[in-house]
Amino acid sequence: MIQIHIAKTLKNNRFLFSFSGETNRIVVFGPSGSGKTLLLKMISGFFDPDRGDIIIENQLLFSKKGKVSLPIHQRNIGYLPQEYTLFPNMSVKENILYGMKTRKLQIEKSRIDRLMERLGIAAKLDHFPDDLSGGQKQRVALARALLVRPRILLLDEPFSALDSTIRESLRDLVIDIADEMNVVTLFVTHDLEEAFIFGKEIVLVNSGEVIEYGSRSAVFDSPVNAETADLMGFINIWPVTRLQNHEVRTKSGHIFTYTGDYARECNHLCIRPENIMFIREDIPSKDNLKKNMVNGSITEIHHRGKYVNLVMNTEKGLQLTINLPEHAFKKLKLTRDKQCKVSLKEESIVLCRSRFNR
Amino acid sequence: MKLSSVSRIIVVILAFFFGAILISGLFYTGFRSINDLFQDSGFLQAVVFSLQTSLVATAFAFILGVPSGFFLARNNTLVSRFMDVLFDIPIVIPPLIVGVLLVTFFNIPIIRNFYSFIFTAPGAIAAQFFIAVPFTIKSSKNAFELVPPIYERIAMTLGAKPVKSFFDTTYKIAFPGILSGLILTWLRCIGEFGATLMVGGGIPGKTENIPINVYLQMISGDHEKGVTAGILTIGLALACILFINVLFLKNRNRISHG
């Protein structure tokens, strides 16, 4: 369990990180420059916060009020940044055993061998970092961090410099190892897909502040803030007026129905682009698509590989962004300026509050 | 004509002149001259004096110059940039002028009352130190700049105390660069003439080093002995430069791709 409530001002930029985590896989997600790396550096002890507390697995690492600031070497933290950090003057074996020797831990050969095999670096022990590929370097760095049984493993986009296949396999490996060793892992990323796959809990950071945190399903499926919804890929976010009977009206005058229960201050409608469905006139629509229908014309078409991203403007001036699988796009024979009818799936509509009008 | 062809011609001409100047000395020397030189007690005393003073000055350069290089590498403030320029001064002004300034400094009553450096071995050491320490500072600074501080931090996360993390990572990685700087510093001390003469006085048997000995041999008309001593010094310098190059070639990749 981790509890972090800290603030720091750097070059007139204010950073405020306040969240807690219960599970062993926590993702810190946010755009580049939002302060994610600074957060990890403060947990590691590279920088001290201006105020607040850091508690990791019941150990107080930092407390401004309590005048506690454990030095880096006493924090027992595994830190894996984006850049390669293997000591170039040591062999792979010396790198891996560095922490164990420094901490005078008993070197259990069988455990080391098992981990080396698991990480696929058993044959590289006598090599120097210079002889390894980027993926191998990060595997060795991971082994080095894990062997000292850290209190927490901090991963700061460690695989972002690697190609996608290696990145995915390493990410899956870290998930397995984090679960097997039950080590609390804080994984920083700006990749939404990676955040979804890795995190049991998500901490959302934007502009130097934690804007929301919670379980993966809570943050991904029912964000509380419109800002969170935007970061979570909802894209279609409009201010609305709440009406009776689970209805809302957009500024353009469209009335949509939703199924969930939301607090009164929730005045933004959010829907993911993949939850807006095209209605075919030649076949009867499903019941759940008969509501929330709007007409409009397609103004932009962007092919994204597996799917097609479309922008549609309704007659009343509402702009919708829609994602559609490539095969469906071909089947519907959609073109620019084509008049279409779409339906917003009512069960997929989420109402959020504006973060700044709490 | 291509730029590479022009540069090739220029470098060949330059190498020819360098080689010609170095080789020309060989016409005035031989095994007999070397043998005669080592029978000369004045020269041997100069060799011993040169070795003693240069090694002590290099030791001081190591103790004071390496931490200074580290500071300059890790700090980029107005003050540190000013200090960087300040430490370059002995390289760009004539050593004789440095000698004059040192003599003036050592003649300040508070310094003179503390110790009389003028015409003594410690004075010669001080002169060599001030002339040569910039090489240690520069090389150390460059070597430390190549090592990102993250290595030290990672070592600390693995349980190493700050001093241990520095010596296990940054220092060891930067060491070839530091060592090459120290060798250059030592060579500069060995070859130091102007400032050493000005402060040490070049007293035969007391404060006379190899370059002063060569100078005195030349003005007394013993051209052959002067050239032979010079050739030996060049041989030493070439061997050291070769050693530095081998050292760097071996470590360059390892440092840059860690």
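**Salt bridges, one at a time**

Trainee: What is the relative accessible area of B:Lys138?

Mentor: This is a predicted model, in which local features need pLDDT of at least 70 and side-chain atom pairs pLDDT 80 or more, while totals for chains, interfaces and linings use all residues. Residues are numbered from 1 along each chain as its sequence is written, chains are lettered from A and ligands numbered from 1 in the order written, and side-chain values use heavy atoms, without hydrogens and water. Buried means under 20% relative accessible area, exposed over 50% and partly exposed in between, with a 1.4 Å probe and protein chains only. B:Lys138 is partly exposed, its value being 28%.

Trainee: Which residue forms a salt bridge with B:Lys138?

Mentor: A salt bridge needs a side-chain nitrogen of Lys or Arg within 4 Å of a carboxyl oxygen of Asp or Glu. For B:Lys138 the closest N and O atoms are 3.1 Å apart, and the partner is B:Asp88.

Trainee: How many residues apart in sequence are the parts that this pair ties together?

Mentor: Helices are DSSP runs of H or I with at least four residues, numbered from the N terminus. B:Asp88 lies in helix H4 of chain B and B:Lys138 in helix H7 of chain B, so the separation that the pair bridges is 50 residues.

Trainee: Are B:Lys141 and B:Asp84 buried or exposed?

Mentor: Their side chains meet in a salt bridge, with N to O at 3.1 Å. Both residues belong to a network of salt bridges that also links B:Asp88, B:Lys138 and B:Glu145. As for their accessibility, B:Lys141 and B:Asp84 are both buried.

Conventions. Helix = DSSP H or I, 4+ residues; strand = E, 2+ residues; numbered from the N terminus.
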